[in-house]
Amino acid sequence: MFAHAIGFDDAPFAHGWRGDVPVIGTVYARTTLHGVVSGRVRRDGRNSTAELTRLVGVSPDHLQLILLQGIALAGFNVVDIHALHAQTGRPVLVVARRDPDLPRIREALLTRVPGGQRKWALIEAAGPMEPCGPVFVQRAGLTHPQAQEALRTFTVTGNVPEPLRAAHLIAGGVTRGHSAGQRA
């Protein structure tokens with residue numbers, strides 16, 4: 001069903017960093033890399049949805065799916081997955097290796113992050129993380145069986161779809177000068 005996807009991940013950043021953080025998107029046709037896009041989002045900011053929408057807009061028109069490595073970029077810059085789906089016309093699939101500790105995330109957002117209440121509302125609106133094979137997912141614009149099929153189509157090595165694995169490696173390589181030692 002899905003043959004063309006873009007996967008996004010943010011670059012590593014220092015704990016005390018308060019500026020913009022690079023975001024890498026990798027465009028795939030099944031398991032073949034066809035392009036790379038890059039942008040920036042504010043650490044703990046609120047521009048991730050707009051920036052991802054912009055990056056999808058400069059990508060090939062035949063994209064069928066947006067993959068995210070977690071629902072937030074650059075710390076707690078939470079993506080509104082339903083708005084991203086509506087603005088791009090593409091389904092959005094959030095992938096996580098493990099079920100997140102939502103009580104801990106909620107506590108951090110509500111006590112330490114500017115705009116935390118709004119960000120927590122976006123996480124709640126995305127719905128609970130669901131097991132989907134060896135990973136957990138959140139979805140906007142696609143069914144659970146479609147999410148399973150997308151994971152089968154784009155996963156080659158390990159449990160993470162190739163567009164996310166490559167975005168993670170590229171982001172680390174560009175920022176650190178190498179991607180060795182990173183878990184992809």
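Q: In β7, which residue is the bridge partner of Leu-67?
A: This is a predicted model, where local features need pLDDT of at least 70, side-chain atom pairs count only at pLDDT 80 or more, and totals for chains, interfaces and linings use all residues. Residues are numbered from 1 along each chain as its sequence is written, and side-chain values use heavy atoms, with hydrogens and water left out. Strands β4 and β7 run parallel and are joined by four bridges; strands are DSSP runs (E, at least two residues), as helices are (H or I, at least four), numbered from the N terminus. The partner of Leu-67 in β7 is Leu-93.

Q: Which residue of β9 does Leu-93 stand opposite?
A: Strand β7 (residues 92-96) pairs with β9 (residues 135-140) in the antiparallel sense over five bridges; two strands pair if DSSP finds at least two bridges between them. Ala-96 has Phe-136 as its bridge partner in β9. Opposite Leu-93 stands Arg-139.

Q: How many residues of β7 are buried?
A: In a regular strand, side chains alternate between the two faces of the sheet. In β7, Val-92, Val-94 and Ala-96 are buried on one side, and Leu-93 and Val-95 on the other. Buried means under 20% relative accessible area, against over 50% for exposed and in between for partly exposed (1.4 Å probe, protein chains only). The strand is largely enclosed by the rest of the structure, because the count of buried residues is five of five.

Q: In what order do the seven strands form the open sheet?
A: The pairing in this sheet is mixed. The edge strands, which pair on one side only, are β3 (32-42) and β8 (130-132). From one strand to the next, the twist averages 30°. The order is β3-β2-β1-β4-β7-β9-β8.

Q: In β2, which residue is the bridge partner of Ile-6?
A: Strand β1 (residues 4-10) is mostly covered, with six of its seven residues buried. Four bridges join β1 to β4 in parallel, and Ala-5 has Leu-65 as its partner there. With β2 (residues 20-29), β1 pairs in the antiparallel sense over seven bridges. There the partner of Ile-6 is Val-27.

Q: At roughly what angle do the axes of α1 and α2 cross?
A: Axes are lines fitted to C-alpha atoms, for helices over the stretch in contact, and angles run from 0 to 180 degrees between N-to-C directions. The axes of α1 (residues 48-57) and α2 (residues 81-88) come within 10 Å. The two helices are therefore roughly parallel (under 35 degrees; over 145 is roughly antiparallel, 65 to 115 roughly perpendicular, the rest oblique). The crossing angle is roughly 30°.

Q: Which residues of α2 make the contact with α1?
A: Contact means heavy atoms within 4.5 Å. From α1, the residues are Thr-49, Leu-52, Thr-53 and Val-56. From α2, they are Ala-83, Leu-84, Gln-87 and Thr-88.

Q: How many of the 10 residues of α1 are buried?
A: The buried residues of α1 are Ser-48, Thr-49, Glu-51, Leu-52, Thr-53, Leu-55 and Val-56. The helix is largely enclosed by the rest of the structure, because the count of buried residues is seven.
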